[in-house]
Amino acid sequence: MRAPLRTILSLAIALPAATVAMMTTASAAEEPAPTTVLTNDFEDGTTQGWTGRAAERVTHTTTVAHGGTGSLAVTGRTASWQGPSLDVRAEFVQGTSYTISVWVRLAEGSDNARLSVERRTGGVASYDQVVGDTAVDSGRWVNLTGRYTLATDVESLRLYVETSSTTGDLFIDDVAASYVPVLPIQTDIPSLKDVVDEFPVGAAITGAEILTEHGQLLGKHFASVTPGNALKWDATEPAEGAFSYAQADPLVNFAKAHGMAVRGHTLVWHNQTPAWVFTGADGEPMTATAGDKALLLGRLENHIREVAAHYGTTIGVWDVVNEVVDENQTDGLRRSTWYTVAGLDYIRTAFRVAREAAPHAKLFINDYNTNVPAKRDKLYALVAQLKAEGVPIDGVGHQMHVNVSWPTVAETRAMLDKFLPLDVEQQITEMDVSIYTGEGESFPAPPADRLLQQAYMYRDMVALFRQYEGEITSVTLWGLADDNTWLDTFPVTRKDAPLLFDTRLQAKPAYWGVVDPSRIGATTGSPTPTGGAPATTACSVTYRITGSWQGGFQADVRVTNTGTTAWTSWSLGWQFGAGQQIAQLWNGSAAQSGTAVTVANAAWNGSVAPGASASFGFLGSWTGTNPAPASFSLSGTACAAA
Ligand code: XIL
């Protein structure tokens, strides 16, 4: 019935030399300067269009200023959500990713501040976070910088700053929003879905991923999509009986139009479920009474029937229940409100109803850390019990939120092997590979060695999955490209880069790890790509600031091989003289420690023939002055500034 396990495959595919040459040329193209769509310096004595969100007062002030002498003061706040707000509907175009920067300061005390967007469609407000809680106080200006992509039609769109708990006066200054046009997607590289064809390879998506270049990248490489949030309960039934598919339908329609499969995520979860679901007829939180249990299971049944019926056969797989296991409980069951009110019956009901409402669909139980033996074994016991009872479970979903150094292939293989006797399908449902190995780490840009480690992790894990053809029926990544990943704010706020394509949609070493491992060099943790750095250096560097705005700038750097020996890899170092910080870099990978910056080549621009050049670009922040670095070194040896 089941196909025998495949023996290990060689993933390497031969790329014609011409293809490689084209990739190098395309990636090294000159970067366009960022386009500024908004600046507010409050130097003209006005509020420059900013207003309050309610009755709080917004005025121009010279009490404090970040740059110049003026800033914006907000007084008379009576709730923490009140703060300065600006209409940006005319400035922000759908599908474009904006970098937004605001300086914030409190009049007294300390709190957290955040930057958000309020958008209204059909009279209904939705809120998107641009920068999460960031410590602010009265002693200094704090910068909030984040990225935002509008993905829906809106009647109104407003940027605003709020605090988390206090309501004291606050100031903002030097607001800027700009975007760097995304690079065209690389059309001359192999499509992931053609290289890995043992099972559909998918990506989790939000509204922004089906537009313009993102949509092209999705269509080129992926055979399946999972709406990342749009099918969760808070999106599909925000109020009892009020079903909405406004978020999910565009994503599902995109998939249909492109012949892609859809994974339905998720019918039942303890997160992103509105409070009304767990509120009893008396208006109180539900408890373990027969009445509350009947009401809760009734709501569950109604929800599953409605949502499943809306999509019919379009959704071939449902994550019926998500994250129900807690390995620290003797019975292995998470103490969610679902469990405390309804016990195991909520899981039984969910599968029974899903089978009735979507008889064609494969029904999955999905969870994280399923490679951890304790968790894995509790999940196994639960599925074994439910199947023995006749509960219609077709498959086990392994989320696979992992990182560059965890877990091992052996542990992951043991995870897959564990479920073989249960006669269930297995899917990898939410894979991403964080560049961080602990919560204390934070890099301004992904270091080269982490990106290489990540490439090895992707290479080894996907190679393992491919050996389980017939057992594993889908592998989905939790995102499309590094410009939109949930790991930017989980478990802490910092820029992560866990996917196969970078923030400008270009293939990373991780992509090559899956598609053509011969391009990422040695088999284990060596941080330098193959070939090694040139022993003696004959080079020159051009460093050009191509755009500059309040607090931010973009630079292009070109390094030229002026010697007679070809380079197979390179690493360029310099010191920033005025506290500049790299925020984001493309066509290379950067590490910054204090003022010292090192940029290593990307997978595709390490080879530089005599007389040839490689280029990279970056976005940075600055205050005061922004001088170009005085000197450079290439792989440790001085390199002349041209
Ligand atoms: C995440 C989404 O990606 C975020 O946008 C959202 O804010 C929180 O949820 N496990 C899951 C997914 O099953 O639903 C989660 O998705 C990531 C962890």
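Visitor: Where is the place of threonine 212?
Guide: This is a predicted model, so treat every value here as computed. Threonine 212 sits in helix H3, which covers residues 212–221.

Visitor: What is the phi of threonine 212?
Guide: Start with the general idea: most residues other than glycine have a negative phi, and most peptide bonds are trans. Threonine 212 has a phi near 35°, a positive value in a residue that isn't glycine.

Visitor: On to helix packing. At what angle do H6 and H8 pack?
Guide: Look at the angle and the axis distance together. Helix H6 (residues 290–311) and helix H8 (residues 345–357) pack at about 30°, and their axes are 9 Å apart. Angles under 35 degrees count as roughly parallel, and H6 and H8 are therefore roughly parallel to each other. Their crossing is right-handed.

Visitor: Which residues make the contact?
Guide: From H6, the list includes Leu297, Leu300, Ile304 and Ala308. H8 brings residues including Tyr346, Ala350, Val353 and Ala357. By class, the contact of H6 with H8 has nine nonpolar residues, one polar and six charged.

Visitor: And how do the axes of H9 and H10 cross?
Guide: Helix H9 (residues 373–389) and helix H10 (residues 409–418) cross at roughly 10°, and their axes come within 10 Å. That makes H9 roughly parallel to H10. Pro373, Arg376, Asp377 and Tyr380 of H9 meet Glu411, Ala414, Met415 and Lys418 of H10. This contact divides into four nonpolar residues, no polar ones and four charged.

Visitor: How many bridges join S6 to S7?
Guide: There are 11 bridges between strand S6 (residues 110–121) and S7, and the two run antiparallel.

Visitor: Which strands stand at the edges of the nine-strand sheet?
Guide: That open sheet has the order S23-S26-S21-S20-S28-S27-S22-S25-S24, and its pairing is mixed. Strand S23 (581–586) and strand S24 (588–593) are at the edges with a single partner strand each, so one side of each is left without a neighbour in the sheet. Its twist averages 30° from one strand to the next. Within this sheet, 10 bridges join strand S20 (residues 539–549) to strand S21 (residues 552–561), an antiparallel pair. Arginine 544 has aspartate 556 of S21 as its bridge partner.

Visitor: Zooming out, how is the chain divided?
Guide: The division is into domain 1 (35–179), domain 2 (194–270 + 315–339 + 362–519) and domain 3 (539–641). The centres of domain 1 and domain 2, taken over C-alpha atoms, are separated by 34 Å. Seven residues from domain 1 and seven residues from domain 2 take part in their contact.

Conventions: Residues are numbered from 1 along each chain as its sequence is written. This is a predicted model: local features need pLDDT of at least 70, side-chain atom pairs count only at pLDDT 80 or more; totals for chains, interfaces and linings use all residues. Side-chain values use heavy atoms; hydrogens and water are left out. Axes are lines fitted to C-alpha atoms, for helices over the stretch in contact, and angles run from 0 to 180 degrees between N-to-C directions. Helices (H or I, at least four residues) and strands (E, at least two) are DSSP runs, numbered from the N terminus. Angles under 35 degrees count as roughly parallel, over 145 as roughly antiparallel, 65 to 115 as roughly perpendicular and the rest as oblique. A crossing is left-handed if the near helix is turned anticlockwise from the far one by less than a right angle, and right-handed if clockwise. Contact means heavy atoms within 4.5 Å. Ala, Val, Leu, Ile, Met, Phe, Trp, Tyr, Cys and Pro count as nonpolar, Asp, Glu, Lys and Arg as charged, and the others, Gly among them, as polar. Two strands pair if DSSP finds at least two bridges between them. Domain bounds come from an automatic or database domain assignment.
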